[in-house]
Amino acid sequence: MAMLLNEACATLERSVCERVSPLLTDLYQFTMAYAYWRAGRHNEPAVFELFFRDNPFGGGFSLFAGLSDCLLFLRNFRFKKEDVEYLRSVLPSDTDPDFFTYLKELDCSAVSVSAVSEGTVVFARVPLLEVSGPLAIVQLLETSLLCLVNYASLVCTNAARFRLAAGPKRRLLEMGLRRAQGPDGGLTASRYTYIGGFDLTSNALAGRLFGIPVAGTMAHSYVTSFSSLEEVWPQTLVPSRGGDPIDLISLAKGWLGRVCQLLGTKPQRVREGELAAFLSYAIAYPQNFLPVIDSYSVSCSGLPCFCAVALALCELQYEPLGIRLDSGDLCRQSVEVRRVFRECNNHFTVPAFESFIIVCTNSVSEQSLVELNKRDNEIDAVGVGTHLVTCTSHPSLGCVYKLVEVRGCPRMKLSEDPEKSTLPGRKAIYRLLDTEGHPQMDLICLSEETAPKVGVSLNCYPLGLDKGVQSVTPAQVTTLRSDVFFHGEITLPLSSASDSRIYAQTSLQALYPHHKKLQEPENYTVAISEKIHSLVSDIRKGNSKGSNFLHSN
């Protein structure tokens, strides 16, 4: 098992290295790095924070994702010779040649990171990552880290919302690769929708790289490629428990006549090509038989053909899985299909028909899942693609990466747009819980402050509210971030997709239902300590260390 885990980690690391090189950033990161270097400031100690300003999808929470990729990227950060030569060709010709020598030797051996655990429920304005180290290198990391966190967290959150809309029991299949924004978008979506609560993916490469369960059977093209039973080859199937090969075509045709009689279906309306496709697939995969049944007509052809082939397989002691619907009124059709399954079981005494699953696909959205739950249906699993991986209703999380300290002095962005102002100084983040263990408030403090104590009242200032100071007495306190990268080394075991998925679901379960509502959720409180509030006031007035205004005489 340990060898398998090591192989999986090595495969994942190679994947990250191939996709994310130090050149995967904006050019102005290099122009700033050069200016820092030229001024002799490149080694000044600096601290940046990564956070987002608003919860996505009009919701009350987000899930933090992308941490493993960030850590692997940092561990492998080093410019290749050809990378440096490319930069030499695009930066201004008067750039000092020694700067390129500096880049050749650059790595993250002096960088440290503290972060929220992957899969944690997080909220707007809470710093998710703190990146510290020499000014030039931590500046260079900005775009790459944002790229790795933004979409991963967004699509993970979208998946969590789909899971909430679907309910805990219905299985969810991610099948968005063909609709994703490129190969990397497809891989990222498969990994992080699984962490967000999906059960399966159709993406074979994601299954290999991330250990995600994969699923899939057939498309309509397979069904429509057949036109005659003469195209079925081989035509026989050995019973599950052994014995002589049985002519499956003859067996299924016999069952088809009985099924049509039971259902009152006209045999002449059954598509021979559809029956041939089902038989051919059943011979190839007798234990994994789950065809799409709406290529022509569900009631007149697809469903009778499935029942006939399934009955033939059951007679040979195989266990078919079920069917997929991909068009029309999915709820109504699922009820009708289940009725037919029960009727076949009652009439032919084949108990397997009671356990067949009904899978539905067809441009499923969060809202259509909500509506589905309001109607009678017999749907066991739902496949989701476009609206999941493209995050249709909110295409960007909007994470930002902001400087908060240089040379030990706090730094703050003062903006004419108050929403774009930042909070200065290195910080510690605490989650205050109530007596039942539910998150009550996230508290942002300066790193040198004493941690909140259980049962001890404290004053704080909620962000985004004009209520002034607020008093709170925590029943439980947890530290939200931990050190994950120190001087070039990952300091905690990397979480597998499966581990992160479990953690995410546990984190979500702890959240109060009113914060998880898909529409108009109650706001979760994020607050700052009195010391940060005072520091912000001092900086705005120009009274803090390192925040002098330029005065003219």
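This is a short tour of a predicted model, stop by stop, with something to select at each one.

**Stop 1: the parallel sheet**

Start by selecting strands S7, S6, S12, S11 and S10, in that order. Together they make an open sheet of five strands with parallel pairing. Now look at the two ends. Strand S7 (200-201) and strand S10 (322-325) stand at the edges with a single partner strand each, so one side of each has no neighbour in the sheet.

Next, zoom in on residues 357-360, strand S11, and residues 381-384, strand S12. These two run parallel and are joined by two bridges. Which residue in S12 is the bridge partner of valine 359? Click on alanine 381: that's the one.

**Stop 2**

How far is its sulfur from the closest cysteine sulfur? The gap is 7.5 Å, to cysteine 331, and that is too far for a bond.

Now jump to cysteine 108, which is buried as well, with 3% relative accessibility. Its closest cysteine sulfur belongs to cysteine 70, 11 Å away, again too far for a bond. A disulfide needs the two sulfur atoms within 2.5 Å, and by that rule the count for this model is zero.

**Stop 3**

Select residues 458-462, strand S17, and turn the view to see both faces. The covered face carries Leu458, Cys460 and Pro462, while Asn459 and Tyr461 are on the uncovered one.

S17 and S18 run antiparallel and are joined by three bridges. Opposite asparagine 459 you'll find serine 471 of S18.

Tyrosine 461 has isoleucine 528 of S22 as its bridge partner.

**Stop 4: an arginine in a helix**

For the last stop, show helix H7, residues 142-166, and pick out arginine 161. Is this arginine buried or exposed? It's buried, with a relative accessible area of 2%.

To see what surrounds arginine 161, leave aside its neighbours within four places in sequence and select Phe57, Gly59, Phe61, Glu366 and Leu518: arginine 161 is in contact with each of these.

Conventions
Residues numbered from 1 in each chain as written. Predicted model: local features only at pLDDT ≥ 70, side-chain atom pairs only at ≥ 80, totals over all residues. Heavy atoms only, no water. Buried < 20%, exposed > 50% of the residue type's maximum accessible area, 1.4 Å probe, protein only. Pairing = 2+ DSSP bridges. Helix = DSSP H or I, 4+ residues; strand = E, 2+ residues; numbered from the N terminus. Contact = heavy atoms within 4.5 Å.
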